[in-house]
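Colleague: Thank you for making the time. Could you open the structure so that we may go through it together?

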Amino acid sequence: MRWLGLFLILLLNSGCVLANPAKTKFTVRVLNAETDEIITNAAVLCHFTQKRDPWGNGTGKSTRVKQVVDANGETTIENKTIQKGTGATAFADGFYTDSAGLKFTGKNTALNRWEPWNPTIEVKMRPKKNPVPMINKRVESSKIPVWEKDLGFDLEKGDWVDPYGIGTQSDFFVNMVRRFEHSGDYDAVATIRFPNEGDGIQRYEVPDEFQSSSFKFPYKAPLDGYQDKLILERHATLRKTECNFNPKTDLYIFRVRTELDADGNVVSACYGRTTGRIEIGWGEVFDFSYFFNTNSQSRSLESDEKPY
């Protein structure tokens, strides 16, 4: 028992050492992502954890540090943390918010500090170019009024077209087919198609350099690459669910209300982008969130809505 007690004391003491917040110091440099020029009007926000709160009862401790950069676009930050890395988020008028991380290589126990000591991390921010008024809608748990029938959806109104909603113009159609036994055994297929030649939708892969930006899309919608139909499928059997889309990561750019000239060139069209997901499941709902530019002569995907 004596040895057991000694072992527990050593274990607890080692745990306290491991959980002891160590000092960190680093410099943040904020740059224009396109030109690498310094940004001098930026503020930098960092969070540091000194004590975890695993039970959510308010016993944790953290520090929030916000500093502005100097004439060199830099600011040096010092604090303590128990985490093995940290990061910084930069904000500036005229730019989209972005962030960068720092992973510690180890802890200097003699000095109780994280290494490397005072490295420079760069946050590169995308400039805002042509933000325009856009409709921002989150169509959450919109009930499917009729199965196995083309249902018109009005992007401007954010609702089904009459008689199933307040919409007046069908920007696209949704046809939902479902086989349902229970929540663990079903098939759900949604076919999304478009009414006009030249209309369509395309999946968008976010480039690595845009992953941490608050604006992940191209400034302008592409002129080509649109498909006139999108089929979403989800199948569940024997507690296994498979689908041909990822509602957490899949993003889309779409074009509707398209008018073409005699040679097939786009004369006018309205563009938009999804903000999170197009989701179907075993429930009788359709989820869809998006920004929609109603200016038929503009391909801008930047919204002037604040905050981004």
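This is a predicted model: local features need pLDDT of at least 70, side-chain atom pairs count only at pLDDT 80 or more; totals for chains, interfaces and linings use all residues.

Colleague: Where is Asp154 placed?

Modeller: Asp154 belongs to strand 11, which covers residues 151–154.

Colleague: And is Asp154 buried or exposed?

Modeller: Asp154 is buried, because its relative accessibility is 2% and the cut-off for buried is under 20%.

Colleague: Which backbone nitrogen does the side chain of Asp154 reach at 2.9 Å?

Modeller: That one belongs to Glu156. The Asp154 side chain also reaches the backbone nitrogen of Gln169, at 3.1 Å.

Colleague: Let us turn to the sheet. What is the order of the six strands in the open sheet?

Modeller: The order is 12-11-13-14-16-17, and the pairing is antiparallel.

Colleague: Which strands stand at the edges?

Modeller: Strand 12 and strand 17, the latter at 240–243, are the edge strands. Each has a single partner strand, so one side of each has no neighbour in the sheet.

Colleague: How many bridges are there between strand 13 and strand 14?

Modeller: Nine bridges link strand 13 to strand 14 (residues 185–193), in the antiparallel sense. Within that pairing, Arg179 has Asp187 of strand 14 as its bridge partner.

Colleague: And how many bridges pair strand 16 with strand 17?

Modeller: Four bridges, again antiparallel, with strand 16 spanning residues 229–237. Thr237 has Lys240 of strand 17 as its bridge partner. The two strands form a hairpin with two residues between them.

Colleague: What is the phi of Leu238 in that turn?

Modeller: Leu238 has a positive phi of about 50°.

Colleague: Which other residues have a positive phi without being glycine?

Modeller: Asp36, with phi near 65°, and Asn118, with phi near 55°, can be named here. Asp36 sits in the loop between strand 1 (22–32) and strand 2 (43–51), and it counts as partly exposed because its relative accessibility is 44%. Asn118 lies in the loop between strand 8 and strand 9; with a relative accessible area of 30%, Asn118 is likewise partly exposed.

Colleague: One last topic. Why is strand 15 described as largely enclosed?

Modeller: Strand 15 comprises residues 200–204, and four of its five residues are buried, so the rest of the structure largely encloses it.

Colleague: Which strand do five bridges join to strand 15?

Modeller: Strand 18, residues 251–260, is joined to strand 15 by those five bridges, and the two run antiparallel. Across this pairing, Tyr204 stands opposite Leu251 of strand 18.

Terms used: Residues are numbered from 1 along each chain as its sequence is written. Side-chain values use heavy atoms; hydrogens and water are left out. Buried means under 20% relative accessible area, exposed over 50%, partly exposed in between (1.4 Å probe, protein chains only). Two strands pair if DSSP finds at least two bridges between them. A polar contact is a pair of N or O atoms within 3.5 Å; within protein, one must be able to donate a hydrogen and the other to accept it, and residues adjacent in sequence count only if both atoms are side-chain atoms.
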